[in-house]
Amino acid sequence: MTVRVPAKVNVQLSVGPLREDGYHDLVNVFHAVSIFDEVVAKESESITVAVNGKWSDQVPTDESNLAMRAARALAKHAGRTYGADLIIQKDIPVAGGMAGGSADAAGALVACNELWGLGLPFEDLMEIAGDLGSDVPFSLLGGTAVGTGRGEQLSEVPTGGTFHWVFALAEGGLSTPSVYAECDRLRAAEGAEVPWPQLNDSLMEALGTGDAYSLGAHLSNDLQSAALSLRPELAPTLDAGRQHGALGAIVSGSGPTCAFLAIDALHARDLALSLTTTGAAHTAVAAHGPVQGATLV
Ligand code: C5P
């Protein structure tokens with residue numbers, strides 16, 4: 001069984017006050033983009049995981065691996081002991097703010113559901129996904145969607161066209177909890193009350209009409225100042241993208257990947273080239289969205 005799962009960028013990430021359970025209530029507009037991991041599941045006695053590809057040396061293959069945890073959670077849900085060798089082909093940056101770990105977990109759920117002949121409905125997979133991590137349900141769903149709660153309660157957003165992006169990949173990842181903690185620290189230092197997150201209507205309209213110029217103007221990420229505080233060198237990368245005509249430039253999720261919205265596919269290709277040739281980014285990848293969530297291939 002082979003499942004292809006996309007990366008995501010958050011076109012709006014509004015972070016509410018810290019909750020008692022350590023999470024934050026969000027308005028999180030997810031958008032799936034055409035950078036994919038592949039998860040292969042093969043019959044086996046026990047559950048194992050192996051990782052291939054660019055970032056493989058940075059991914060744990062022990063019990064902490066989210067794909068392995070996903071397979072275990074699915075077997076538990078089915079009430080039986082199952083085995084699977086999971087082989088992950090990684091293309092999504094690790095700890096990059098693009099939900100790479102969540103993608104692998106979503107891929108493992110779909111692949112093992114098939115391999116083990118469980119035939120669980122999508123809703124059951126979504127429920128297991130929500131327990132595994134806040135971004136895992138969106139990796140299953142794909143497309144464009146508004147996430148509320150921790151980000152796991154999703155409603156789909158129809159989009160009026162394809163958007164073209166460039167992602168500048170940074171050396172080394174950022175841990176999501178430490179970026180949220182930095183966000184809380186910066187807010188506490190400021191002393192202002194944290195407002196309840198609100199969906200941006202102009203952004204929703206831009207998505208609905210497929211207006212890249214308007215979408216670019218309305219991109220927002222409340223975690224950006226925290227990511228920049230931890231990685232100040234990302235600020236000049238964002239500036240360089242704007243100078244090369246990006247319609248919008250933001251840190252992707254908790255970072256450190258930077259996302260640039262381009263006018264069209266050609267502009268995305270040129271922008272990626274400009275960012276790397278000028279040294280503003282080590283690696284830049286063009287991609288488009290929205291794309292489907294975890295899909296059997
Ligand atoms: O849900 P997940 O395991 O992906 O979350 C990782 C971490 O990100 C959490 O432990 C928490 O520190 C932070 N987080 C948060 N609020 C959210 C989602 C994640 O504070 N809504």
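Student: Which residues are around the ligand?
Tutor: This is a predicted model, so keep that in mind. The residues around the ligand are Gly 22, Tyr 23, His 24, Leu 26, Gly 133, Ser 134, Arg 150, Thr 176, Pro 177 and Tyr 180.

Student: How many of the shell residues are nonpolar, polar and charged?
Tutor: Four are nonpolar, five are polar and one is charged.

Student: What does the side chain of His 24 do with the ligand?
Tutor: A side-chain N or O atom of His 24 sits 2.6 Å from a ligand oxygen.

Student: And what about the side chain of Ser 134?
Tutor: Ser 134 places a polar side-chain atom 2.6 Å from an oxygen atom of the ligand.

Student: Which part of Arg 150 lies 3.0 Å from a ligand nitrogen, backbone or side chain?
Tutor: The backbone. One of the backbone N or O atoms of Arg 150 is 3.0 Å from a nitrogen atom of the ligand.

Student: How much of the ligand does the protein bury?
Tutor: 76% of the 450 Å² that the ligand exposes when taken alone.

Student: Which pocket is the ligand in?
Tutor: The largest pocket is the space taken by the ligand.

Student: Which elements give two or more residues to the shell?
Tutor: Strand E2 (24–43) and helix H5 (176–190).

Student: Which one gives the most?
Tutor: H5, with three residues.

Student: Which domains does the shell draw on?
Tutor: At least three residues come from each of domain 1 (2–157) and domain 2 (163–289).

Student: New topic, backbone geometry. What kind of peptide bond joins Gly 255 and Pro 256?
Tutor: A cis one, with omega about 5°. Pro 256 is in the loop between strand E9 (248–251) and strand E10 (258–262).

Student: And what kind joins Gly 289 and Pro 290?
Tutor: That bond is cis as well, with omega about 0°. Pro 290 is in the loop that runs between strand E11 (283–289) and strand E12 (295–296).

Student: Last one. What is phi of Ala 95, positive or negative?
Tutor: Positive, near 50°, and the residue is not a glycine.

Student: Where does Ala 95 lie?
Tutor: In the loop between strand E4 (84–90) and helix H2 (100–115).

Key
Residues are numbered from 1 along each chain as its sequence is written. This is a predicted model: local features need pLDDT of at least 70, side-chain atom pairs count only at pLDDT 80 or more; totals for chains, interfaces and linings use all residues. Side-chain values use heavy atoms; hydrogens and water are left out. A residue is near a molecule or strand if one of its heavy atoms lies within 4 Å of it. A polar contact is a pair of N or O atoms within 3.5 Å; within protein, one must be able to donate a hydrogen and the other to accept it, and residues adjacent in sequence count only if both atoms are side-chain atoms. Accessible areas come from the Shrake-Rupley method with a 1.4 Å probe; for residues, only the protein chains shown count as cover. On a 1 Å grid over the protein atoms alone, a cavity is a set of points where a 1.4 Å probe fits but cannot get out, and a pocket is an open set with protein on both sides within 12 Å along at least five of seven lines; lining residues have an atom within 4 Å of a point. A molecule sits in a cavity or pocket if more than half of its atoms lie within 2 Å of its grid points. Helices (H or I, at least four residues) and strands (E, at least two) are DSSP runs, numbered from the N terminus. Ala, Val, Leu, Ile, Met, Phe, Trp, Tyr, Cys and Pro count as nonpolar, Asp, Glu, Lys and Arg as charged, and the others, Gly among them, as polar. Domain bounds come from an automatic or database domain assignment.
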